[in-house]
Amino acid sequence: MLKKLGLLIAAFCLVISSFFVAASPAAAKTFEVKMGTDSGMLGFQPKTVTIKSGDTVKWINNKLAPHNVVFENSSEYSHKGLLFSPGESFESTFNEAGEYTYYCEPHRGAGMVGKIIVQ
């Protein structure tokens, strides 16, 4: 009887201690990209963002509106609606590894392009 009680206590302690030792999964992150640089140039800041699968990118209208984000080969991530006011934003979550090139439709000719690298 004492042996069974000892095994029961040991099993209980093992289960309880596993809650403290178990590693928590990495939480997804949100990365911000400004549309229009702080210095007033037509560009994304930063121009290239490297993220992990499951992370989110949030584009925030900064300067020299209007801006949008159009992906060349991944229309599900595009946000074709134009943002006019500073602080307006939208976001996309990337679940598949790869490189995603995008541009601002009104300012593509001025070189307003960016890239998301998903690892």
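## Basis

Strands (E, at least two residues) are DSSP runs numbered from the N terminus, as are helices (H or I, at least four residues). Two strands pair if DSSP finds at least two bridges between them.

The model is predicted: local features need pLDDT of at least 70, side-chain atom pairs count only at pLDDT 80 or more, and totals for chains, interfaces and linings use all residues. Residues are numbered from 1 along each chain as its sequence is written, and side-chain values use heavy atoms, with hydrogens and water left out.

## Four-stranded sheet

An open sheet of four strands has the order β2-β1-β4-β7, with mixed pairing. Its edge strands, β2 and β7 (89–93), each pair on one side only. Strand β4 (residues 56–61) runs antiparallel to β7 and is joined to it by five bridges. Within this pairing, Lys58 stands opposite Glu91 in β7.

## Five-stranded sheet

Another open sheet, also of mixed pairing, has five strands in the order β3-β9-β8-β5-β6. Because β3 (48–51) and β6 (79–83) at the edges each have a single partner strand, one side of each is left without a neighbour in the sheet. Neighbouring strands are turned by 20° against each other on average, direction ignored; the axes are lines fitted to C-alpha atoms, for helices over the stretch in contact, and angles run from 0 to 180 degrees between N-to-C directions.

Strands β5 (residues 67–71) and β8 (residues 98–103) are antiparallel and joined by two bridges. Phe71 stands opposite Tyr102 in β8.

## Thr37

Thr37 lies in the loop between β1 (30–35) and β2 (44–45). With a relative accessible area of 14%, Thr37 is buried (under 20%; exposed is over 50%, partly exposed in between; 1.4 Å probe, protein chains only). Its side chain reaches the backbone nitrogen of Met41 at 2.9 Å. Leaving aside residues up to four places away in sequence, Thr37 touches Gly43, Gln45, Asn62 and Lys63, contact being heavy atoms within 4.5 Å.

## Salt bridges

A salt bridge is a side-chain nitrogen of Lys or Arg within 4 Å of a carboxyl oxygen of Asp or Glu; the count is three. Asp38 pairs with Lys34, with the closest N and O atoms 2.9 Å apart.

Arg108 and Glu72 form a salt bridge at 3.2 Å, N to O. Arg108 is in the loop between β8 and β9 (113–118) and Glu72 in the loop between β5 and β6, so the pair ties together parts 36 residues apart in sequence. Lys115 and Glu99 meet at 3.3 Å, N to O, linking strand β9 to strand β8 across 16 residues. Lys115 is partly exposed at 27%, whereas Glu99 is exposed at 54%.

Notes
A polar contact is a pair of N or O atoms within 3.5 Å; within protein, one must be able to donate a hydrogen and the other to accept it, and residues adjacent in sequence count only if both atoms are side-chain atoms.
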